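Please read the following report alongside the sequence and the structure, which are shown just below. The text moves from single contacts to the overall fold.

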Amino acid sequence: MSLTDDLLEQAEHLAKRELRRPRQASLRRAVSVAYYAVFHRLAGEGAALIMANWPRGLRQQIQRAFVHGEMKTVCKEFAGKDGPNRITKRLLAVPLEPELVAVATAFVVLREARHAADYDLGSPMNRLDVNQKIALAKKAFRDWEVVSNTANARVFLAALLLQNRWNK
């Protein structure tokens, strides 16, 4: 099992940890972990696309270069009605695969949910909403498996890391 699969499993465990009255800490951590599962899946796939494991450790260094906020911006573009920016759009085959749009949408939703879970402590979380976020992360994994070998997925991964450095 991969780290990202383990993270999803941990999110599910945290969401059902207390049977009757789930603790806010468990629910909040479950949302956060579900987001990080998707983040690390995409960053890992992107690093693998850019660089193999040679020289040793280089892929991990590239993976560390993925920035949450920049990834969210790219995902918003891929998920939005206007689509990616004009530079990225030239590289894509249209229309975008619905699964790719779903992955981008899930990333945005989960990033915002993680932010709320970690920082908006005044709003309590409930198990139903948390389970929906975990289900969204699992669906993002399944959708990614459908599109991961497409040309558009490769452009998407490159954009997650490089779009802010491309000429606009």
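This is a predicted model: local features need pLDDT of at least 70, side-chain atom pairs count only at pLDDT 80 or more; totals for chains, interfaces and linings use all residues.

Two residues are said to be in contact when heavy atoms of each lie within 4.5 Å of one another. E77 is found in helix α4, and, leaving aside its neighbours within four places in sequence, E77 is in contact with G83, P84, N85 and Q163. D5, by comparison, is 72 residues from E77 in sequence, and the C-alpha atoms of the two are 26 Å apart in space.

Which residues does F156 touch, not counting residues up to four places away in sequence? F156 touches L42, V74, C75, F78, L100, V103, A104 and W144.

The backbone has one feature that deserves attention when the model is inspected. Most peptide bonds are trans, whereas V94 and P95 are joined by a cis peptide bond, with omega at about 0°. P95 lies in the loop between α5 (86–91) and α6.

Turning to the fold as a whole, the protein contains 8 helices and 0 strands, and its pattern along the sequence reads α-α-α-α-α-α-α-α. Among contacts between residues at least 6 apart in sequence, 76% join residues that are at least 24 apart. The C-alpha atoms fill a box of roughly 50 × 40 × 25 Å along the principal axes. Because a compact globule of 168 residues would have a radius of gyration near 15 Å, the 16 Å of this protein agrees with that expectation.

As for burial and surface, buried residues make up 43% of the 168 residues, while the protein exposes about 9,400 Å², of which carbon and sulfur atoms supply 54%. The side chains include 27 positive and 17 negative ones, and the centres of the two sets lie 4 Å apart.

Technical notes:
Residues are numbered from 1 along each chain as its sequence is written. Side-chain values use heavy atoms; hydrogens and water are left out. Helices (H or I, at least four residues) and strands (E, at least two) are DSSP runs, numbered from the N terminus. The radius of gyration is taken over C-alpha atoms; the globule rule is 2.2 Å times the number of residues to the power 0.38. Buried means under 20% relative accessible area, exposed over 50%, partly exposed in between (1.4 Å probe, protein chains only). Accessible areas come from the Shrake-Rupley method with a 1.4 Å probe; for residues, only the protein chains shown count as cover. Lys and Arg count as positive and Asp and Glu as negative; His and the chain ends are not counted. The place of a charge is taken as NZ of Lys, CZ of Arg, CG of Asp or CD of Glu.
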